[in-house]
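Have a look at the sequence and the structure below.

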Amino acid sequence: MKRNARPQHPIPPATAEPANRERRRLIGMAARGAAGAAMLAALDPGVRAGAWAAGSDAPEKTEVKIGFIPLTDCSSIVMASVLGLDKKHGVKIVPSKEASWAGVRDKLVNGELDLAHVLYGLVYGVHLGIGGPKKDMAVLMGLNQNGQAISLSQQLKEAGVTDGPSLARIMRTQKRDYTFAQTFPTGTHAMWLYYWLAAHGVHPLRDAKAITVPPPQMVANMRIGNMDGFCVGEPWNARTIMDKVGFTAATTQDIWADHPEKVLGATADFVARYPNTARAVTAAVLEAGRWIDASPENRRKTAETVAAKSYINTDVNVIAGRMLGTYDNGLGKTWDDAHAMRFFNDGAVNFPYLSDGMWFLTQHKRWGLLPDHPDYLAVARQVNRIDVYKQAAAALGVSLPAGEMRSATLMDGKVWDGSHPAAYADGFDVKV
């Protein structure tokens, strides 16, 4: 599908042509004032008047460049543009395909990008001056939960490795240099990889070498033997299996069911200068996530769209399976995953929980990226713009959680709920 092509089934579905003409007329009116928005809401109950920009609420900047990395979890940004949901909220999203997370970081900081599909931990790292230049940052919303994986090489498979315990056993008995790749030092994939290895008694920084590789280059690097395994987002784990380069040893939802993953990120300066634009973009992307999760048909349509060369540039079948929750680990096991990648889940995916951001800080401290304990809660309150998210959610009638923290039990039995973060960070047996 061409980059700006409209899908065959836009939302809401077409009804009778006279109604369509009236709706298009009201869309034009809504872009110019609240009266048209209210009339459209009456015609189409799925549209709320608050979602339309009018008067002083109009976006200050009407065209925004949003960076993304070729990963399945960029989908809500792409679909916000392709479905025209951005224009509905008074902005035009220009998706910008980027080569690496370091490039995304640099372009956000210097203003070449307005916003980005970005690693949660990268945003926090930049805010604190680790993993790049220090710059006050903002998380506007979560883009997805779940849907990453840890892949191990065909050579390890032939040596009898199938999972974490067997990997740890091989590493103890067959002494050699082992290398594992992540995508950015403070990012989500590094933290999932380190957590998983440590849970099986492998110190990720002492017992192995950790390297950084951009997501689209993971499969090629493992094919030529540059690493024994990696953690990355889809579709590159599925691609690894399809190309017979390796297998899936664990999904990240095995580590933490419904874990936070990519976010819509920006600099704090951008949000301060363009608050209405930030709200409008958040609303458009939130609505796109809701559309994707609404049905398997919408997910398939999304897979077809993002498979295009201008986005992920891979076979749609590599994307569609795991996007629909159907997994094959490359070892003969298949299953329907109850915690596959989600983009909305009634807003639970998208709310920028303070505890989610704080968790990444605890892991940065655990692995020596932070020399001292920060004020975990204060940093999270600075970065996570719950105020902007609430405005966008209200415009769409999206429900809000009862609180700004949430609780989860991770794979090693440790409970994370945002309380006592310093003690949590210091409480691991395997750490720097």
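Let's begin with words for elements: helices (H or I, at least four residues) and strands (E, at least two) are DSSP runs, numbered from the N terminus. This is a predicted model, so local features need pLDDT of at least 70 and side-chain atom pairs count only at pLDDT 80 or more, while totals for chains, interfaces and linings use all residues. Residues are numbered from 1 along each chain as its sequence is written, and side-chain values use heavy atoms, with hydrogens and water left out.

Q: What makes the phi of aspartate 346 worth a remark, and where is this residue?
A: Its phi is near 60 degrees, a positive value in a residue other than glycine. Aspartate 346 sits in the loop between strand E12 (334–336) and helix H17 (354–366).

Q: Why is aspartate 258 called buried?
A: Buried means under 20% relative accessible area (exposed is over 50%, partly exposed in between; 1.4 Å probe, protein chains only). Aspartate 258 has 17%, so it counts as buried. This aspartate also has a positive phi, about 65 degrees, although it is not a glycine. You'll find aspartate 258 in the loop between helix H12 (252–255) and E10.

Q: Which bond joins glutamate 234 and proline 235, and what is its omega?
A: It's a cis peptide bond, with omega about 15 degrees. Proline 235 belongs to the loop between strand E8 (229–233) and helix H11 (236–242).

Q: What makes a space a cavity, and what makes it a pocket?
A: Picture a 1 Å grid over the protein atoms alone: a cavity is a set of points where a 1.4 Å probe fits but cannot get out, and a pocket is an open set with protein on both sides within 12 Å along at least five of seven lines. Lining residues have an atom within 4 Å of a point. Grid points are joined across faces, edges and corners, and a volume is the space filled by probe spheres set on the points.

Q: How many cavities of 30 Å³ or more does a search of the whole structure find?
A: There are 3 of them. The largest cavity has a volume of about 60 Å³. It is lined by 18 residues, and Tyr120, Gly142, Val349, Phe351 and Asp356 are the closest to its centre.

Q: Which element gives the largest share of the lining of the largest cavity?
A: That's E4, with 3 residues.
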